[in-house]
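User: I am new to this structure and would like to learn how to read it. Please take me through it step by step.

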Amino acid sequence: LDITLPIHEGDFLSIIGPNGSGKTTLLKIILGLLKPTRGTIRIMGKDLGEFTDWQKIGYIPQKATHFDPLFPASAKEVVAMALGPSHPLSRGTRQREESAIRRAFQVVGMEDFMNRRIGRLSGGQQQRIFIARAIVNRPRILFLDEPTTGVDAETQGYFYDLLDGLNTREGITIVLITHDIGILDKHISRVACLNQRLVYHGSHGEFCRSDTFK
């Protein structure tokens, strides 16, 4: 990959491109899950090797919602996993932790499902639970890798509306890998198009008028 890609606070950025274009590889490099052979990654002004505020980063990987129906955990327990022993909220009071979890469920509209077994929820409901898990620590950036794979069009619409609310009302910067080009018209503010290199990076409006889009 030969890419220079700044992501600005407040962006709702969609990373698109054909299969094998490097989208997931790029995302994993940004998150430090893969090491680049050259170049640098900076997060919130710091080199990746010096960045330690990972609670400010939310991440939902591919196939995160593929759960065994018998998996013995409630939706609440899945969200609470994000508040491990090293997390600042876990070093505070139990009340603060409970408040953070309940707020995350409220944001995604799933408060009535907190005690349901995660494996018994629908794919769309599980998506919302994993967003709650990703935002329970109030991150500044949320990365999502093909989050709507395998769900119907109506559920996808609700899901993208939810992401739009996180971006506009909660102030979370969204970086989304997707094949759902149709959502660009409604939600996305910026587009990065990859095909082993950065083919386009700019505003949604300019992209839709570009030869790259055609």
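This is a predicted model: local features need pLDDT of at least 70, side-chain atom pairs count only at pLDDT 80 or more; totals for chains, interfaces and linings use all residues.

User: What order do the strands of the open sheet have?

Analyst: Residues are numbered from 1 along each chain as its sequence is written, and side-chain values use heavy atoms, with hydrogens and water left out. Helices (H or I, at least four residues) and strands (E, at least two) are DSSP runs, numbered from the N terminus. Strands of a sheet pair through backbone hydrogen bonds, either parallel or antiparallel. Two strands pair if DSSP finds at least two bridges between them. Here the open sheet has six strands, in the order β4-β5-β6-β1-β7-β8. The pairing is mixed.

User: Which strands stand at the edges?

Analyst: β4 (57-60) and β8 (198-203) do. Each has a single partner strand, so one side of each lacks a neighbour in the sheet. From one strand to the next, the twist averages 10 degrees. Angles run from 0 to 180 degrees between N-to-C directions, and axes are lines fitted to C-alpha atoms, for helices over the stretch in contact.

User: How many bridges join β1 and β6, and in which sense do the two pair?

Analyst: Strand β1 (residues 12-16) and strand β6 (residues 173-177) pair over four bridges, in the parallel sense. Look at Leu-13: Val-175 in β6 stands opposite. Phe-12 likewise has Ile-174 of β6 opposite. β1 also pairs with strand β7 (residues 190-194), in the parallel sense over four bridges. There, Ser-14 stands opposite Val-191.

User: How many bridges does β5 form with β6?

Analyst: Five, again in the parallel sense. Asp-145 has Ile-177 in β6 as its bridge partner.

User: How many residues of β1 are buried?

Analyst: Buried means under 20% relative accessible area, exposed over 50%, and partly exposed in between (1.4 Å probe, protein chains only). In β1, five of the five residues are buried. Phe-12, Ser-14 and Ile-16 point one way, Leu-13 and Ile-15 the other way.

User: And why is β6 largely enclosed by the rest of the structure?

Analyst: Because five of the five residues of β6 are buried. Thr-173, Val-175 and Ile-177 lie on one side, Ile-174 and Leu-176 on the other. Both faces are covered. For the chain of 214 residues, 44% count as buried.

User: Which helix packs on the sheet by touching β1, β5 and β6?

Analyst: Contact means heavy atoms within 4.5 Å. Helix α5 (residues 153-168) touches those strands. Its direction makes about 150 degrees with that of β6.

User: At what angle do α4 and α5 pack?

Analyst: Read such angles by class: under 35 degrees is roughly parallel, over 145 roughly antiparallel, 65 to 115 roughly perpendicular, and the rest oblique. α4 and α5 pack at about 15 degrees, with their axes 10 Å apart. α4 is therefore roughly parallel to α5. On the α4 side, the contact includes Gly-124, Gln-127 and Arg-128. On the α5 side, Tyr-158 and Phe-159 are among the residues. For classes, Ala, Val, Leu, Ile, Met, Phe, Trp, Tyr, Cys and Pro count as nonpolar, Asp, Glu, Lys and Arg as charged, and the others, Gly among them, as polar. The contact of α4 with α5 has seven nonpolar, three polar and one charged.

User: How far apart are the axes of α3 and α4?

Analyst: Helix α3 (residues 94-107) and helix α4 (residues 123-135) have axes 9 Å apart and an angle of about 135 degrees. They are therefore oblique to each other. Ala-104, Phe-105 and Val-107 of α3 meet Ile-129, Ala-132 and Ile-135 of α4. That contact has six nonpolar residues, no polar and no charged.

User: How many helices and strands are there in the chain?

Analyst: There are six helices and eight strands. From the N terminus on, they run β-α-β-β-β-α-α-α-β-α-β-β-β-α. Among contacts between residues at least 6 apart in sequence, 67% join residues at least 24 apart.
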